[in-house]
Amino acid sequence: MLASGLPAQAQEVLNLYSSRHYQTDEALYAGFTELTGIEINRIEGEGDALIERIKSEGQNSPADVFLTVDVGRIWRAEEAGLFQPVESAALDKAVPENLRHPEGLWYGFSARARLIFYAKDTVEPGAIKDYEDLADPKWKGKVCIRSSSNVYNQSLLSSIIAADGEEGARTWAQGVVDNFARKPVGGDTDQLRGLGAGECDIAVANSYYFVRLMINPSDKDKGLADKIGWVFPNQDGRGTHVNISAAGVLKYAPHKAAAVKFLEYLASPQAQRYFADGNNEYPVVPGVEPNEALKELGDFKVDPVNVSVYGKNQAKAQMIFDSVGWN
């Protein structure tokens, strides 16, 4: 849909294709227009559908910037040749090297950690510590996790391929399948609800889904967060897997200067606060603090691997999922 209610005096425009679907981003976009006078025309949709749209529009595409969630999707756009490299000292300084494309095709602007959660009434603190522990036979019939078609899990397995090799990742995936409490169903919040309902003892979900349950639960989820403990995995090793929302300037962007300004704005302290406060995501720029709810989860060590690896390993990850029957 197109953004509305923007200042009539705006002289420049930016055409943004976005798969972020958070209403709290309205303040993010309005802040850019207020700061620069550049009006944002926004089209929203699912990430893969927008990629196909940009491909079909070709050189005539009006799109300047593609903004999406998860490295897997930004990598698909990269593989389709949709981006042009950006040279920006401001972006290179602000965005950590492991959270951006090595050649400036895209940059990460917010992060989410993929955590292990557990039912407090059945699992002792410290009983599970690492992603690899999810495959331990002692958790047989106790693990809730999403489908392999979910890009968050594809990126998680891609990171395990990077850490443990393909055979190690295959062994892990088979172990997790053997430990399923039920067939994968629903989204991340549904995995957390499985803990509250006694369907499982262990679950995997992104950090911001749990924070939502902490600070703004629906009526049916009130009190759920109090029953759940959390683990930042692999703190004694490589660190916790994080994923990003990322954006890049498109190859045929008709408003390239405005597009670069927009990316630089997303890395500004002002915009980073919108990400943190609006959707409970971790800011990527050093020095910008998480919101109070995320702080309550605690500090943690991040896996330092460049997130572009998640995209490169995505096809291997899906083959592994298919081979072990993780549907």
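A salt bridge, as I use the term today, is a side-chain nitrogen of Lys or Arg within 4 Å of a carboxyl oxygen of Asp or Glu, and this structure holds 24 of them. Please keep in mind that this is a predicted model, in which local features need pLDDT of at least 70 and side-chain atom pairs count only at pLDDT 80 or more, while totals for chains, interfaces and linings use all residues. Residues are numbered from 1 along each chain as its sequence is written, and side-chain values use heavy atoms, with hydrogens and water left out.

Let me start with the pairs inside helices, where helices (H or I, at least four residues) and strands (E, at least two) are DSSP runs numbered from the N terminus. In helix H2, residues 47-57, Glu-57 and Arg-53 are four residues apart, about one helical turn, and their side chains meet in a salt bridge at 3.0 Å, N to O. In helix H10, Glu-292 and Lys-295 are three residues apart, again about one helical turn, and the closest N and O atoms of their salt bridge are 3.4 Å apart. Glu-292 is exposed, with a relative accessible area of 60%, whereas Lys-295, at 38%, is partly exposed; here buried means under 20% relative accessible area, exposed over 50%, and partly exposed in between, with a 1.4 Å probe and protein chains only.

What about Asp-303 and Arg-238? Their side chains meet in a salt bridge at 3.8 Å, N to O, and this pair links distant parts of the chain, 65 residues apart, with Asp-303 in the loop between H10 and helix H11 and Arg-238 in the loop between strands E7 and E8. Asp-303 counts as buried, at 6% relative accessibility. There is also a network of salt bridges that links Arg-20, Asp-25, Arg-112 and Glu-281.

Now to the pockets: on a 1 Å grid over the protein atoms alone, a pocket is an open set of points where a 1.4 Å probe fits, with protein on both sides within 12 Å along at least five of seven lines, and lining residues have an atom within 4 Å of a point. The largest pocket is lined by 20 residues, with Tyr-282, Pro-283, Pro-290, Phe-300 and Val-302 nearest its centre. Strand E9 and H10 are the elements that each give two or more residues to that lining.

The second largest pocket has 18 lining residues, and His-21, Glu-46, Val-69, Arg-73 and Tyr-152 lie nearest its centre. Helix H7 gives the most to this lining, with three residues.
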